[in-house]
Amino acid sequence: VLSRTGSAELLKHDRPRIRVGIMAALRRTGEATDPAVVKTFLRDPDPRVRGLAANALMVITRQLIVFKAKGTEEDRAASIQQWETWWEKNKQQFGQ
């Protein structure tokens, strides 16, 4: 499972293709299970990574919070805030 420390390092990778591959692989293998880690990918500069992260969060949490990966920065920030608010209220369900 990807740790918070590991995700921070992966998010620093300068190639978007690598970050897309990492997020896709985590989803495929079922290791993208920690919403605290996955939600950090919502801020990725690449819309493909952001989209994969949003989809993973919906699957993991069974919550529908609209996130437009190619939306405006303001729209994305509003959705991220909704995820943050949801997380603060529900993180105990995920052992946090």
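A: This is a predicted model, in which local features need pLDDT of at least 70 and side-chain atom pairs count only at pLDDT 80 or more, while totals for chains, interfaces and linings use all residues. Residues are numbered from 1 along each chain as its sequence is written, and side-chain values use heavy atoms, with hydrogens and water left out.

Q: What makes tryptophan 83 and tryptophan 86 an edge-to-face pair?
A: Rings of Phe, Tyr and Trp (its six-membered ring) pair if their centres lie within 6.5 Å, and planes under 30 degrees apart count as stacked, over 60 as edge-to-face and the rest as tilted. The search of the whole structure finds one aromatic pair. Tryptophan 83 and tryptophan 86 are 6.0 Å apart centre to centre with 80 degrees between the planes, so the pair is edge-to-face.

Q: Why is tryptophan 83 called buried?
A: Its relative accessible area is 2%, and buried means under 20%, exposed over 50% and partly exposed in between (1.4 Å probe, protein chains only). Tryptophan 86, at 13%, therefore counts as buried too.

Q: Which residues does tryptophan 83 touch?
A: Not counting residues up to four places away in sequence, tryptophan 83 touches Leu42, Leu57, Met58, Thr61, Gln63 and Ile65, where contact means heavy atoms within 4.5 Å.

Q: Why is arginine 62 called exposed?
A: Arginine 62 has a relative accessible area of 75%, which is over 50%, so the residue is exposed. Arginine 62 also has a positive phi of about 60 degrees although it is not a glycine.
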